[in-house]
Amino acid sequence: MTKSKAEPTDQDLDAPILAEGVDEEPVESNRRMFEGNAYLLMAGLATLYAAFHMIALNGVSISDWTGIEVPLLPQFPLETWNFRIVHISGALALGFLLFSAHTFSDTETAPKETRLMSLLAALLIVPALISASTAIGFRSLIGSGTLPEMSGLTTWGAFPGTEIYTNEVWWFGVPLLIATFGAIVLGWFERRGRERFAASDVVLALCGIVVAMYLIAIYGTAARNSVGTPFVPIGVAFAATAGAAMILELTRRVAGLALVIITGVFLLYTFTAHLLPGILTVQNPYSWQRFFGHVYSDAGILGPTTAVSSTYIILFIIFAAFLQASKVGDYFVNFAFATAGRARGGPAKVAIFASGLMGMINGTSAGNVVATGSLTIPLMKKVGYDKKTAGAVEAAASTGGQIMPPIMGAGAFIMAEITGIPYTEIAIAAIIPAVLYFVSIYFMVDFEAAKLGMRGMREDELPKFNKLVRQVYLFIPIIILIVALFMGYSVIRAGTLATVAAAVVSWFTPHRMGLRSILKAFELAGIMSIQIIAVCACAGIIVGVISLTGVGARFSSVLLDLAGVSQLLALFFAMCIAILLGMGMPTTAAYAVAASVVAPGLVQLGIPMLTAHFFVFYFAVLSAITPPVALASYAAAGISGANPMETSVASFKIGIAAFIVPYMFFYNSAILMDGTWPQIARAGVTATFGVFLLSSGVQGWFLGSRSAWFLRIMLIFAALFMIEGGWITDLIGVGLAAGIYFVQKVLRPDPNASIPVRGAD
């Protein structure tokens, strides 16, 4: 849970609006705030972690540059599995040291420390060190050349009855599980000052490193080929069990319980599937050793979700951290105020504009709400929006940041990894859907402002546009990123160039980035990456369950059966699954899971792969504003002071047109840039008009005046005719709209008329 920034006071709101600190890092309520040497240690570790990824992804090797072999320094690029294992291990170690198992009170100055719990936790270092020393011994044994080889790979004979098997069980596995689960449980009860390390967290950080030490050693042998089979080494199952438990605990600390509970349900399903009826059943039960030996592989935790978090996501988090150092977020929001602030209901339109811009550098809906909503929500309330609507507008606008090219949050990178479709094609295909999303929200808030007679903001309340134009060079890093991508550079190279550009651009601002600022940016990136890495790894557990049990294929067969009745019914069912899976989950995890369960079935229906995955991705994003569990709406309600459930219902209403857009590009693929330019242009224009009609019908405001209830219904029908994109349906929709306009202007029906209801009495 993040803390929102303080709301501006009435006195502040009378002064000219100037955004400051919108891209400052929010401090979570369970984040430790280290001081002195402890802070320097954690800052150094976070900096090293982020810089390691930047160096590794760009293939830099110190020994290649200097000719000097540095002991223990890995050669880059690392072998893929090893790189992902180190990626997760580093996030676990950093995450446990930085994020407590419990929240800290703002008013509590000196919390009562639980010395007994700390002592018990400290004792768990002993089994953790035993496990670590055993893993080091295994590594030495493998490198000694004494083990037999098969096809050029060292064999790992961890069979029952052998010395290796005994050591894996009693000197590696059992001590590791004792340390891991003991530290997790004690962490729930241990209390230490916010500026101090907790003994249980230190043990968990050590266990995360031990898991990596063992897996890197064993996966370098022929034993790697046995992953996913009953013959996987018992030590891999022990390491995977401990690793999965730590991933779940860290996810609980940084992302809440929702994803942990959903993952727990999938884990329970794995071991009870043979007892279940119908499509959920499997023929034979899975053993603990086989499942956990399977889950910590590229079919699970080390699969597509971690592949993306260890490359594209962390690279763009570093990019965002560099942009933060040059205060680009402040500039984006001020630019939005200067551009849209004078329109009626100005702050709401600023929220749309600013959230779209911030979405390019912020990978989460809730994070986007916190960044821009602390400024826009109080201003919306000031110009006449009630607090529920103010929060809902910000939530809906911030959610759209996830589908805004070129970065589109983390989900687009996972889509590229899963589908094999180049990221540039995905970014291009996302342009019209993103425009439709923000246009629909713009119409909704504009019509609301028109109905309520709201004013825009005065000239003296806004930043000076002329001054902001002189700083337009702050867009250069984004422009370089886009240009590099479309010139054919890899995403990693384009992201690296944009990051360097962000540092160079800062030299023309008061926030010049020197060596200290660059190190600080890497530190911020290391900390910011922990949540998304934990979430991606946790989603990988679910993906592992789906790949092992084949439950995704069974859902695909259900979709095929439904399509035999109605293809629209199959799409509706797929939409419901994507939204349900996404409720309470960050976009990245929601899409990763839905892509495994739903998208294959849509592809089997004959839907093009890009369309199928965009359909799922869109609804995974929209789950952030879909009641009853809407993370973005809840974050906005925390700032606005409104009821969270009422805010989520209001945000669902404001974003209602967006729920129609995926059906639009299903029926007309030109919306995803698939077709000739005239087809694409017509699809974009007619879809925009359809969104306009739908917004008019929902809000009851059409072309300058309020609409009667029956005209609102007709407007919604006209909008639905615009979905298919065919000439006949488009003409019907336009004809209905023209008829509605004629009735409204000539016959002037009473907009307050109600539906007559006669009772039985």
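Mentor: Contact means heavy atoms within 4.5 Å. Helices (H or I, at least four residues) and strands (E, at least two) are DSSP runs, numbered from the N terminus. This is a predicted model, in which local features need pLDDT of at least 70, side-chain atom pairs count only at pLDDT 80 or more, and totals for chains, interfaces and linings use all residues. Residues are numbered from 1 along each chain as its sequence is written, and side-chain values use heavy atoms, with hydrogens and water left out.

Trainee: Which residues of H5 and H6 meet?
Mentor: Ala121, Ala122 and Leu123 of H5 meet Ile125, Val126 and Pro127 of H6. The residues of this contact are six nonpolar, no polar and no charged. Here Ala, Val, Leu, Ile, Met, Phe, Trp, Tyr, Cys and Pro count as nonpolar, Asp, Glu, Lys and Arg as charged, and the others, Gly among them, as polar.

Trainee: At what angle do the axes of H5 and H6 cross?
Mentor: The axes of H5 (residues 115–123) and H6 (residues 125–143) cross at roughly 15° and come within 4 Å. Axes are lines fitted to C-alpha atoms, for helices over the stretch in contact, and angles run from 0 to 180 degrees between N-to-C directions. H5 and H6 are therefore roughly parallel to each other; angles under 35 degrees count as roughly parallel, over 145 as roughly antiparallel, 65 to 115 as roughly perpendicular and the rest as oblique.

Trainee: And how do the axes of H2 and H23 cross?
Mentor: The axes of H2 (residues 36–57) and H23 (residues 515–549) cross at roughly 80° and come within 7 Å. That makes H2 roughly perpendicular to H23. Among the residues in this contact are Tyr39 and Met54 of H2 and Leu519 and Ile533 of H23. The contact divides into 12 nonpolar, three polar and two charged residues.

Trainee: Changing topic, is H22 mostly covered or uncovered? How many of its residues are buried?
Mentor: H22 is mostly covered, with 11 of its 15 residues buried (under 20% relative accessible area; exposed is over 50%, partly exposed in between, with a 1.4 Å probe and protein chains only). Val491, Ile492 and Ala494 are among the buried ones. The buried residues of H22 pack against H2, H12 (304–325), H17 (411–419), H18 (423–429) and H21 (476–486).

Trainee: How many helices and strands are in the protein?
Mentor: The protein has 34 helices and four strands. Buried residues make up 57% of its 761 residues.
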